[in-house]
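Morning, everyone. Please have the model up as I talk.

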Amino acid sequence: MSYPHARMRRMRRDDFSRRLMREHVLTANDLIYPVFVHELPGREAVASMPGVSRVGIDELLRVAEQASELRIPALALFPVTAPDAKSLDAAAAWADDGLCQRAIRALKQRFPELGVITDVALDPYTSHGQDGLVDDGGYVVNDATVEALVRQALSHAAAGADVVAPSDMMDGRIGAIRAALEADGHVHTRILAYAAKYASSFYGPFRDAVGSAGALGKGNKYTYQMDPANSDEALREVALDLDEGADMVMVKPGMPYLDVLRRVKDEFGVPTFAYQVSGEYAMLKAAYANGWLDERACTLEALTAFKRAGADGVLTYFALDAARWLQEQG
């Protein structure tokens, strides 16, 4: 059918018909709120992420209450390790009384229905800022790192984490963590694999927030995170993680990698998530602060784009605001 029999604008004319043919709908159910937790009481602003703060466990519970009231399904925890707790072997990562472990227990005791997702990676705990253990030449070694990640994941599961999310990009870590969880009786603990995590330049503000930027210095993560030029490789990574026992997979960063997100969802049809990372957030906030873009409209449009590209959920620092705006829209 062609014009004039087909007039595409007919269905766009009124609000009711636009709503009836809307293909993708964003709700609070699609949002996961990443939270930076530190040892200090109260809040400490993250300069490179306007509106985002590091919070103590006392404030974390207040944040969790807000999230619960807004029907956000889960929080993702990122610990800010004190400098004196960092080491070459990252032993603080699996300490029973560690910051992340205490935060998990506090959340699950107070808000048992709220999902708790934990980051499984060593960069907050290493004195060099890398996601794994290094050899004498500074190269991140794979198998020894996997052993450490297994210990970290088990400690999170024992503390009550609902989902462990390995973000390190070591080979074989999903299978090792799944086997260890099963052997230790944590059969219900889900694994959200950062399966396609790129060596992106959009992570800068996050590294400021968790305190790994200074330790990393001029170093990089090119030997384990993916090359931004590659897309086929992402499908291989996802296939391996699913075969090893991942329940969900992640594409990170988000907006610059929507093509990868779409390919992953089309190829595998599994629960697929995207991370609207710190650099994406910071750029948008800067534009909003300068009056160049409308914050509410552009944020919801960006988050809807993730849904359209195939995401079942989005980790976003806008989660609380977005959930409020969606609630107001009815």
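Start with a cut-off: two axes count as roughly parallel when the angle between them is under 35 degrees. Keep in mind that this model is predicted.

First, the helices. Two packed helices are described by the angle between their axes and the distance between the axes. Find helix α3, residues 99–110, and helix α4, residues 142–159. Their axes come within 8 Å. They cross at roughly 25 degrees. That angle falls under the cut-off of 35 degrees, so α3 and α4 are roughly parallel to each other. And the hand? The crossing of α3 and α4 is right-handed.

Which residues make the contact? From α3 we have Cys100, Gln101, Ile104 and Arg105. From α4 come Ser155, His156 and Ala159. Sort the residues of this contact by class, and you get three nonpolar, three polar and one charged.

Now the cavity. Rolling a probe the size of a water molecule over the atoms shows where empty space is left. How many cavities of 30 Å³ or more does the structure hold? One. The volume of the largest cavity is about 100 Å³.

The lining of the largest cavity is made of 14 residues. Nearest the centre lie Asp123, Ser167, Lys197, Phe206 and Lys252. Two elements give two or more residues to this lining: β7, at 190–197, and α6, at 204–210.

Conventions
Residues are numbered from 1 along each chain as its sequence is written. This is a predicted model: local features need pLDDT of at least 70, side-chain atom pairs count only at pLDDT 80 or more; totals for chains, interfaces and linings use all residues. Side-chain values use heavy atoms; hydrogens and water are left out. Axes are lines fitted to C-alpha atoms, for helices over the stretch in contact, and angles run from 0 to 180 degrees between N-to-C directions. Helices (H or I, at least four residues) and strands (E, at least two) are DSSP runs, numbered from the N terminus. Angles under 35 degrees count as roughly parallel, over 145 as roughly antiparallel, 65 to 115 as roughly perpendicular and the rest as oblique. A crossing is left-handed if the near helix is turned anticlockwise from the far one by less than a right angle, and right-handed if clockwise. Contact means heavy atoms within 4.5 Å. Ala, Val, Leu, Ile, Met, Phe, Trp, Tyr, Cys and Pro count as nonpolar, Asp, Glu, Lys and Arg as charged, and the others, Gly among them, as polar. On a 1 Å grid over the protein atoms alone, a cavity is a set of points where a 1.4 Å probe fits but cannot get out, and a pocket is an open set with protein on both sides within 12 Å along at least five of seven lines; lining residues have an atom within 4 Å of a point. Grid points are joined across faces, edges and corners, and a volume is the space filled by probe spheres set on the points.
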